[in-house]
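Please examine the sequence and the structure shown below.

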Amino acid sequence: SVAMLSQLSGQFGGLGGLAGGALGIKNPNDLYVGMLKSRTVADNLISRFELKKLYETKTADDTRKVVEGKTRITSGRDGIITIEFEDREPKRAATIANAYVEELYKLTQTLAVTEASQRRLFFERQLDQTRKSLASAETAARQGLEKGGLIVIDAQGRGLVETTARLRGQIAVKEIQISAM
(Lines give C-alpha, C1' and ligand atoms only; values in the text may rest on other atoms or scores of the structure.)
Protein backbone atom coordinates (compact mmCIF):
# COMPACT_ATOMS: atom_id res chain seq x y z
CA SER A 1 0.00 0.00 0.00
CA VAL A 2 1.11 3.56 -0.62
CA ALA A 3 0.88 6.77 1.39
CA MET A 4 1.91 10.09 -0.12
CA LEU A 5 3.04 13.31 1.49
CA SER A 6 3.04 16.55 -0.44
CA GLN A 7 4.04 20.07 0.50
CA LEU A 8 5.53 18.99 3.79
CA SER A 9 6.95 22.42 4.48
CA GLY A 10 3.45 23.81 4.80
CA GLN A 11 2.15 20.94 6.90
CA PHE A 12 5.04 20.65 9.31
CA GLY A 13 6.00 24.31 9.58
CA GLY A 14 9.43 25.77 8.96
CA LEU A 15 11.26 23.00 10.79
CA GLY A 16 12.46 21.37 7.58
CA GLY A 17 13.71 24.65 6.19
CA LEU A 18 15.42 25.66 9.43
CA ALA A 19 17.01 22.31 10.18
CA GLY A 20 17.75 21.67 6.52
CA GLY A 21 19.59 24.98 6.23
CA ALA A 22 21.54 24.28 9.41
CA LEU A 23 22.55 20.83 8.15
CA GLY A 24 23.33 22.00 4.62
CA ILE A 25 20.40 20.08 3.11
CA LYS A 26 19.09 21.91 0.04
CA ASN A 27 15.80 20.03 -0.26
CA PRO A 28 13.74 19.83 2.97
CA ASN A 29 12.17 16.60 1.68
CA ASP A 30 15.57 14.92 2.07
CA LEU A 31 15.38 15.73 5.76
CA TYR A 32 11.86 14.29 6.01
CA VAL A 33 12.86 11.13 4.15
CA GLY A 34 15.75 10.71 6.58
CA MET A 35 13.39 11.16 9.51
CA LEU A 36 10.91 8.65 8.04
CA LYS A 37 13.74 6.11 7.70
CA SER A 38 14.99 6.78 11.23
CA ARG A 39 15.25 4.22 13.97
CA THR A 40 12.87 6.29 16.11
CA VAL A 41 10.07 6.03 13.56
CA ALA A 42 10.77 2.32 12.96
CA ASP A 43 10.75 1.54 16.68
CA ASN A 44 7.50 3.44 17.19
CA LEU A 45 5.85 1.52 14.35
CA ILE A 46 7.21 -1.81 15.63
CA SER A 47 5.81 -1.12 19.08
CA ARG A 48 2.54 0.36 17.85
CA PHE A 49 1.69 -2.56 15.55
CA GLU A 50 3.43 -5.31 17.58
CA LEU A 51 5.51 -6.15 14.51
CA LYS A 52 8.07 -8.23 16.39
CA LYS A 53 5.31 -10.62 17.34
CA LEU A 54 3.66 -10.41 13.91
CA TYR A 55 6.85 -11.14 11.98
CA GLU A 56 8.08 -13.60 14.63
CA THR A 57 11.53 -12.07 14.89
CA LYS A 58 13.92 -12.70 17.78
CA THR A 59 15.44 -9.27 18.30
CA ALA A 60 14.48 -5.65 17.77
CA ASP A 61 17.26 -5.37 15.15
CA ASP A 62 15.80 -8.29 13.22
CA THR A 63 12.37 -6.65 13.31
CA ARG A 64 13.83 -3.35 12.10
CA LYS A 65 15.46 -5.16 9.17
CA VAL A 66 12.16 -6.80 8.22
CA VAL A 67 10.34 -3.45 8.40
CA GLU A 68 13.10 -1.78 6.40
CA GLY A 69 12.83 -4.50 3.74
CA LYS A 70 9.06 -3.99 3.48
CA THR A 71 9.29 -0.18 3.30
CA ARG A 72 10.15 2.02 0.35
CA ILE A 73 10.31 5.79 0.83
CA THR A 74 11.07 8.03 -2.13
CA SER A 75 11.06 11.75 -2.80
CA GLY A 76 10.00 12.94 -6.24
CA ARG A 77 11.05 16.10 -8.03
CA ASP A 78 7.48 17.33 -7.67
CA GLY A 79 7.93 17.62 -3.87
CA ILE A 80 5.86 14.53 -3.12
CA ILE A 81 7.23 11.87 -0.78
CA THR A 82 5.89 8.39 -1.46
CA ILE A 83 5.77 5.76 1.29
CA GLU A 84 5.16 2.17 0.24
CA PHE A 85 4.73 -0.70 2.69
CA GLU A 86 4.31 -4.34 1.71
CA ASP A 87 2.37 -6.79 3.82
CA ARG A 88 0.32 -9.92 3.15
CA GLU A 89 -2.77 -8.02 4.36
CA PRO A 90 -3.49 -4.94 2.19
CA LYS A 91 -5.42 -3.17 4.96
CA ARG A 92 -2.53 -3.50 7.42
CA ALA A 93 -0.09 -2.37 4.72
CA ALA A 94 -2.17 0.78 4.16
CA THR A 95 -2.50 1.40 7.89
CA ILE A 96 1.26 1.11 8.46
CA ALA A 97 2.08 3.26 5.40
CA ASN A 98 -0.24 5.97 6.74
CA ALA A 99 1.19 5.53 10.25
CA TYR A 100 4.58 6.64 8.86
CA VAL A 101 2.99 10.05 8.19
CA GLU A 102 1.62 10.20 11.74
CA GLU A 103 5.00 9.24 13.21
CA LEU A 104 6.75 11.88 11.12
CA TYR A 105 4.29 14.47 12.40
CA LYS A 106 4.96 13.42 16.03
CA LEU A 107 8.71 13.52 15.47
CA THR A 108 8.63 16.99 13.92
CA GLN A 109 6.50 18.25 16.82
CA THR A 110 9.02 16.85 19.31
CA LEU A 111 11.91 18.48 17.48
CA ALA A 112 10.08 21.81 17.31
CA VAL A 113 9.39 21.70 21.06
CA THR A 114 13.03 20.84 21.74
CA GLU A 115 14.20 23.76 19.60
CA ALA A 116 11.82 26.15 21.38
CA SER A 117 13.02 24.84 24.76
CA GLN A 118 16.62 25.54 23.81
CA ARG A 119 15.73 29.09 22.72
CA ARG A 120 13.83 29.63 25.97
CA LEU A 121 16.80 28.40 28.02
CA PHE A 122 19.09 30.76 26.08
CA PHE A 123 16.80 33.75 26.77
CA GLU A 124 16.46 32.78 30.44
CA ARG A 125 20.26 32.74 30.77
CA GLN A 126 20.49 36.14 29.09
CA LEU A 127 17.81 37.46 31.43
CA ASP A 128 19.70 36.13 34.45
CA GLN A 129 22.94 37.78 33.27
CA THR A 130 21.13 41.07 32.67
CA ARG A 131 19.60 40.96 36.17
CA LYS A 132 23.06 40.36 37.68
CA SER A 133 24.47 43.28 35.68
CA LEU A 134 21.63 45.47 36.93
CA ALA A 135 22.26 44.45 40.54
CA SER A 136 25.97 45.23 40.12
CA ALA A 137 25.21 48.64 38.61
CA GLU A 138 22.82 49.48 41.46
CA THR A 139 25.39 48.38 44.06
CA ALA A 140 28.08 50.50 42.37
CA ALA A 141 25.74 53.49 42.38
CA ARG A 142 25.02 53.07 46.10
CA GLN A 143 28.71 52.72 46.92
CA GLY A 144 29.53 55.79 44.84
CA LEU A 145 26.92 57.83 46.68
CA GLU A 146 28.24 56.66 50.06
CA LYS A 147 31.88 57.45 49.20
CA GLY A 148 31.68 60.67 47.25
CA GLY A 149 28.28 62.09 47.91
CA LEU A 150 26.15 63.83 45.30
CA ILE A 151 28.79 66.30 44.05
CA VAL A 152 31.25 63.64 42.80
CA ILE A 153 28.50 61.34 41.58
CA ASP A 154 26.67 63.82 39.38
CA ALA A 155 28.25 62.76 36.03
CA GLN A 156 28.72 59.18 37.14
CA GLY A 157 25.23 59.07 38.60
CA ARG A 158 23.66 60.04 35.30
CA GLY A 159 25.61 57.24 33.59
CA LEU A 160 24.57 54.73 36.24
CA VAL A 161 20.92 55.77 36.03
CA GLU A 162 21.04 55.40 32.24
CA THR A 163 22.73 51.99 32.57
CA THR A 164 20.14 50.89 35.12
CA ALA A 165 17.28 52.03 32.88
CA ARG A 166 18.82 50.26 29.86
CA LEU A 167 19.30 47.03 31.84
CA ARG A 168 15.72 47.19 33.17
CA GLY A 169 14.54 47.63 29.57
CA GLN A 170 16.56 44.57 28.49
CA ILE A 171 15.02 42.55 31.31
CA ALA A 172 11.54 43.56 30.21
CA VAL A 173 12.27 42.57 26.59
CA LYS A 174 13.67 39.17 27.63
CA GLU A 175 10.67 38.51 29.90
CA ILE A 176 8.34 39.24 26.97
CA GLN A 177 10.34 36.89 24.71
CA ILE A 178 10.25 34.12 27.32
CA SER A 179 6.53 34.49 27.95
CA ALA A 180 5.90 34.46 24.18
CA MET A 181 7.54 31.04 24.01
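## The loop around glutamate 56

Glutamate 56 is located in the loop that joins α5 and α6, where helices (H or I, at least four residues) and strands (E, at least two) are DSSP runs numbered from the N terminus. Its phi angle is near 50°, a positive value in a residue other than glycine. Glutamate 56 counts as exposed because its relative accessible area is 70%; exposed means over 50%, buried under 20%, and partly exposed in between, with a 1.4 Å probe and protein chains only.

Glutamate 50 also has a phi near 50°, positive although the residue is not glycine. Glutamate 50 belongs to the loop between α4 and α5, the latter covering residues 51-54.

## Basis of the description

The model is predicted: local features need pLDDT of at least 70, side-chain atom pairs count only at pLDDT 80 or more, and totals for chains, interfaces and linings use all residues. Residues are numbered from 1 along each chain as its sequence is written, and side-chain values use heavy atoms, with hydrogens and water left out.

Threonine 63 lies in helix α6. With a relative accessible area of 0%, threonine 63 is therefore buried. Its side chain makes a polar contact with the side chain of threonine 57 at 2.3 Å. A polar contact is a pair of N or O atoms within 3.5 Å; within protein, one must be able to donate a hydrogen and the other to accept it, and residues adjacent in sequence count only if both atoms are side-chain atoms. Leaving aside neighbours within four places in sequence, threonine 63 is in contact (heavy atoms within 4.5 Å) with Ile46, Leu51, Lys52 and Thr57.

Helix α4 (residues 39-48) packs against helix α6 (residues 60-70) at an angle of about 100°, and their axes are 10 Å apart. Axes are lines fitted to C-alpha atoms, for helices over the stretch in contact, and angles run from 0 to 180 degrees between N-to-C directions. The two helices, α4 and α6, are therefore roughly perpendicular to each other, a term for angles of 65 to 115 degrees, while under 35 counts as roughly parallel, over 145 as roughly antiparallel and the rest as oblique. On the α4 side the contact involves Arg39, Ala42, Asp43 and Ile46, and on the α6 side Thr63, Arg64 and Val67. By class, this contact of α4 with α6 has 3 nonpolar, 1 polar and 3 charged residues. Here Ala, Val, Leu, Ile, Met, Phe, Trp, Tyr, Cys and Pro count as nonpolar, Asp, Glu, Lys and Arg as charged, and the others, Gly among them, as polar.

## Threonine 71 in strand β2

Threonine 71 is part of strand β2, which covers residues 71-75. Its relative accessibility is 17%, so threonine 71 counts as buried. A polar atom of the threonine 71 side chain lies 2.7 Å from the backbone oxygen of valine 67. The side chain also makes a polar contact of 2.9 Å with the side chain of tyrosine 100. Beyond its neighbours within four places in sequence, threonine 71 is in contact with Glu84, Phe85 and Tyr100.

Helix α3 (residues 28-36) is mostly covered, with 7 of its 9 residues buried. These buried residues are Pro28, Asn29, Leu31, Tyr32, Val33, Met35 and Leu36.

Asparagine 27 is placed in the loop between α2 (15-23) and α3. Because its relative accessible area is 31%, asparagine 27 is partly exposed. The C-alpha atoms of asparagine 27 and serine 75 are separated by 9.9 Å, although these residues are 48 residues apart along the chain.

## Isoleucine 96 in helix α7

Isoleucine 96 lies in helix α7 (residues 90-180). Its relative accessible area is 1%, so isoleucine 96 is buried. Setting aside neighbours within four places in sequence, isoleucine 96 is in contact with Leu45, Phe49, Leu51 and Phe85.

## The chain as a whole

The protein chain has 7 helices and 3 strands, arranged along the sequence in the pattern β-α-α-α-α-α-α-β-β-α. Of its 181 residues, 31% count as buried. Among contacts in the protein chain with a separation of 6 or more, 66% join residues 24 or more positions apart.

The accessible surface of the protein chain comes to about 11,700 Å², of which 53% belongs to carbon and sulfur atoms. Accessible areas come from the Shrake-Rupley method with a 1.4 Å probe, and for residues only the protein chains shown count as cover.
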